[in-house]
Amino acid sequence: MATLPTEVKAFIVQALACFDTPTQVVKSVQAEFNLTITRQQVESHDPSKANGKKLGQKWIELFHFTRERLQNEIADIPIAHKACRLRSLDRMVAQAESVKNYGMAAQLIEQAAKEVGDAYTNHQKRGRSRG
């Protein structure tokens, strides 16, 4: 297995920290650096996996720094907020209705209802149980 340049190693570690799969990383490295690497090479750069246990401290720190930053900065992504998603769905419903695409409008309304009812989280609202 050929030694990868530092720039490529950093790219792989950061991609894995951002939850990209090894297959996605292989494709990204091919596109970005015109290098063909294997999934096993990629997996050896993930300190959370058995194949990455021998990864150097520098790369482990980069992985954890990138992962923490990703998780903390998710709040900066507009679509991560329910209000933003609902506003977008509202615009889509209005557009679908304006072109008389009522099937699409109904699907969007259902999606909005699920969003409001927290169907996309693990915090679903529960109705009263009948005793």
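This is a predicted model: local features need pLDDT of at least 70, side-chain atom pairs count only at pLDDT 80 or more; totals for chains, interfaces and linings use all residues.

Student: What makes the meeting of arginine 69 and glutamate 73 a salt bridge?

Tutor: The side chains of arginine 69 and glutamate 73 meet at 3.4 Å, N to O, and because the cut-off is within 4 Å, from a side-chain nitrogen of Lys or Arg to a carboxyl oxygen of Asp or Glu, the pair is called a salt bridge. Glutamate 73, at 36% relative accessibility, also counts as partly exposed.

Student: How are arginine 69 and glutamate 73 placed along helix α4?

Tutor: They are four residues apart in helix α4, so about one helical turn separates arginine 69 from glutamate 73.

Student: Where else do side chains meet in a salt bridge, N to O?

Tutor: By this rule the count comes to four salt bridges, among them the one between glutamate 43 and arginine 39, at 3.3 Å from N to O, and the one between glutamate 110 and lysine 114, at 3.4 Å from N to O. Glutamate 43 and arginine 39 lie four residues apart in helix α3 (residues 39–43), about one turn of the helix, while glutamate 110 and lysine 114 are four residues apart in helix α6 (residues 102–116), and therefore about one helical turn separates them.

Student: Why is threonine 66 called buried?

Tutor: Threonine 66, whose place is in helix α4 (residues 57–73), has a relative accessible area of 10%, and because buried means under 20%, threonine 66 is called buried. Leaving aside neighbours within four places in sequence, threonine 66 is in contact with Gln14, Ala17 and Cys18.

Student: How do you know that the span of α5 agrees with what its 17 residues should give?

Tutor: At 1.5 Å a residue, the 17 residues of α5 should span 24 Å, and since the end C-alpha atoms of α5 are 24 Å apart, the two values agree.

Student: What puts the buried residues of α5 on the same side?

Tutor: The buried residues of α5 are Leu89, Val93 and Ala96. They cover an arc of only 65 degrees around the axis, which means that they lie on the same side of α5. These buried residues pack against α6, whereas the face turned away from the buried side of α5 carries exposed residues, including Arg87, Asp90 and Gln95.

Student: Which residues make a nonpolar surface patch, and what makes isoleucine 77 partly exposed?

Tutor: Ile74, Ile77 and Ile79 make a nonpolar surface patch of about 280 Å². Isoleucine 77, placed in the loop between α4 and α5 (82–98), has 41% relative accessibility, so isoleucine 77 counts as partly exposed, and a patch residue needs over 30%.

Terms used:
Residues are numbered from 1 along each chain as its sequence is written. Side-chain values use heavy atoms; hydrogens and water are left out. Helices (H or I, at least four residues) and strands (E, at least two) are DSSP runs, numbered from the N terminus. Buried means under 20% relative accessible area, exposed over 50%, partly exposed in between (1.4 Å probe, protein chains only). Contact means heavy atoms within 4.5 Å. Patches are made of residues with over 30% relative accessible area and no salt bridge: like charges are joined within 9 Å, nonpolar side chains (Val, Leu, Ile, Met, Phe, Trp, Tyr) within 5 Å. Accessible areas come from the Shrake-Rupley method with a 1.4 Å probe; for residues, only the protein chains shown count as cover. The expected span of a helix is 1.5 Å times one less than its number of residues. The arc is that of the directions from the helix axis to the C-beta atoms.
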